[in-house]
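Here's a quick briefing to read alongside the structure. Have a look at it before going on.

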Amino acid sequence: MSPRRNRPKGVGEPRASADAEPSGRYGGFQSAETWQGEQWSVRHVAGASSMGKRYRCPGCDQEIPSGLAHVVAWPEHSGVDERRHWHKACWNAKDRRTTRVQRSRNAPRY
C-alpha cells in the first residue's frame, strides 16, 4: 500500500514564469533577461545534469562544484560561445556587485 497524499497533484509545486520555456536536456528553464543594455539568454540548470563538470563563476570568481544547481547566461547577439556559468545568488546580485580590480602588492588601495 502506498502512502496517502494529503494534497491534490500540482498544488504547491513550482511553476515556470510565463516567458520561460522548459529546457528538457538540462533539467531547467530558459528565459530572456535584459542586463547592461543587452538581451541575455538565461538557463537554469539542475544540479543533477551538471555531474562531473566544474565551472568558475564570473560573479564571485569561485568554483561551482559538480552537482550544484546554477545558472548559465550568455548575450543573445553573440551566441552560445560566450556562455558563462554563474551561482544563482551571484546572477541575482550581479547589479549590486562591483568589478574586481586586480592590483599588484605595491599598488595604492585608492
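Predicted model: local features only at pLDDT ≥ 70, side-chain atom pairs only at ≥ 80, totals over all residues.

Residues are numbered from 1 along each chain as its sequence is written, and side-chain values use heavy atoms, leaving out hydrogens and water.

**The core**
- The largest nonpolar core has 11 residues, among them W35, C57, I64 and W91. A nonpolar core here is a set of buried Ala, Val, Leu, Ile, Met, Phe, Trp, Tyr and Cys residues joined through side-chain atoms within 4.5 Å.
- Two or more core residues come from each of β3 (38-45), β6 (70-75) and α1 (88-92). Helices (H or I, at least four residues) and strands (E, at least two) are DSSP runs, numbered from the N terminus.
- Leaving aside residues up to four places away in sequence, W91 touches E33, W35, W40, V42, V71, A73 and W86; contact means heavy atoms within 4.5 Å.

**Loop residues with positive phi**
- Most residues other than glycine have a negative phi.
- Q36, in the loop between β2 (28-35) and β3, has a positive phi of about 55°.
- Q36 is exposed, at 60% relative accessible area. Buried means under 20%, exposed over 50% and partly exposed in between (1.4 Å probe, protein chains only).
- D61 sits in the loop between β4 and β5 (63-64), with a positive phi of about 60°, and is partly exposed at 45%.

- A46, in the loop between β3 and β4 (55-56), is partly exposed at 27%.
- A46 and H70 are 24 residues apart in sequence and 6.9 Å apart in space, C-alpha to C-alpha.
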